[in-house]
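Please keep the sequence and the coordinates open while reading.

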Amino acid sequence: MTFMTHQNEKRFRELAGRVPPGTRLRLATTADPRSAELSEFCRRLSVWMPHVSVLREEGADLPYPLLLLPNGMRYMGVPAGTEVEPFIEALAPTLPRLSGELAERLKSMGIPAALDLYVIPDCLHCPTAVRRLMPLAEAGGLVRLTVIDGGLFPELAQGHGIRAAPTLLLDGQFRWTGSFDLEEVVALMMTRDPVSLGPASIELMLKEGAARRLAQLMAERNALFPAIVELLCREQWPVRLGAMVTMEELFALHPELAQQVIDPLWDRFEAVSDPIKGDILYVFGEMRQPTLIPRLTSLLQSEISAGVRDAAAEALAKLMTSDELIKAET
């Protein structure tokens, strides 16, 4: 564990005076084995900084363990080397806030932004990048900043093709490697086409209770946002639920557009777990698309679990009723 060095402990103890009494840090652990490393770090931090309290949330419904800092920043890693000082600054924010112009622009931002900053211990330029972005985390609202230790979570860095630190990702699509201009980042956050929103940004909207607003955005642009399909297939139930509510709202606003979700979900159906299959079948039932009847009939004739069979039968019953109503009307 890289943080367990005499030098790191010494640095935390030296900087303890910067953090005011009553400071709280939240630790969210998951089934991921790296939760143990974050837990051990928090245990030692409580020794190095006795006036910092750690609130623990075990079994969090998250894909990875993380620390939630008082300034709103999410931290996936254990600070070591050059990461220590900006981590302390995030515990007790003292950096200048956003300029008036940038703050006002963020207030008018209508869609969320997920910023992921990849860092590594002993990177000379990473602390500057963290400090530059911290005011965005403090601004709250629709901006979510996550600092990720690429050494501790190498599969995430590799999945995004990240080979250098610091690297900043916006919605998992737009990137800056090395130095970046904060005004440029904010400008892109403001001008993005909502169709390009990544899963993290849409998830943020759903957690803010904006399922109807998300459906309205898709209806206004006559486009099904591709990321909604991924969220409908997420293992985390609250995320899937939010995506399902969005599809129900979209069906009420624009049935033909909502039905475009059918083929992408069907393509993923065999690869997902049974709980996700059940929710996909629920969505199919809500789509009221008679062309699904042969697919579901075939599914019921295959070898599937009892839970999936019940969900398929319920969806098929809805579709049969819908088909009969359509025929009656014509």
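A cavity here is a set of grid points where a 1.4 Å probe fits but cannot get out, and its lining residues are those with an atom within 4 Å of a point. The model examined in this way is a predicted one.

The volume of the largest cavity is about 60 Å³. Its lining is made up of Tyr75, Thr82, Glu83, Pro86, Phe87, Val119, Cys126, Pro127, Val130 and Val147. Two or more of these residues come from each of the elements α3 (84-91) and α5 (126-139). The element that gives the most is α5, with 3 residues. By residue class, the lining of the largest cavity holds 8 nonpolar residues, 1 polar and 1 charged.

Arginine 240 lies in helix α11, which spans residues 237-253. Is this residue buried or exposed? Arginine 240 has a relative accessibility of 4%, and because buried means under 20%, arginine 240 counts as buried.

What does arginine 240 touch, leaving aside residues up to four places away in sequence? Its contacts include Leu231, Leu232, Cys233, Arg234 and Glu235, and also Pro275, Ile276 and Asp279. With aspartate 279 there is also a polar contact, made between the side chain of arginine 240 and the side chain of aspartate 279 at 2.8 Å. The buried arginine 240 thus has a side-chain polar partner in aspartate 279.

Technical notes: Residues numbered from 1 in each chain as written. Predicted model: local features only at pLDDT ≥ 70, side-chain atom pairs only at ≥ 80, totals over all residues. Heavy atoms only, no water. Helix = DSSP H or I, 4+ residues; strand = E, 2+ residues; numbered from the N terminus. Buried < 20%, exposed > 50% of the residue type's maximum accessible area, 1.4 Å probe, protein only. Polar contact = N/O pair within 3.5 Å; in protein donor to acceptor, adjacent residues only side chain to side chain. Contact = heavy atoms within 4.5 Å. 1 Å grid on protein atoms, 1.4 Å probe; cavity = no way out; pocket = protein on both sides within 12 Å on 5 of 7 lines; lining within 4 Å. Points joined across faces, edges and corners; volume = space filled by probe spheres on them. Nonpolar A, V, L, I, M, F, W, Y, C, P; charged D, E, K, R; others polar.
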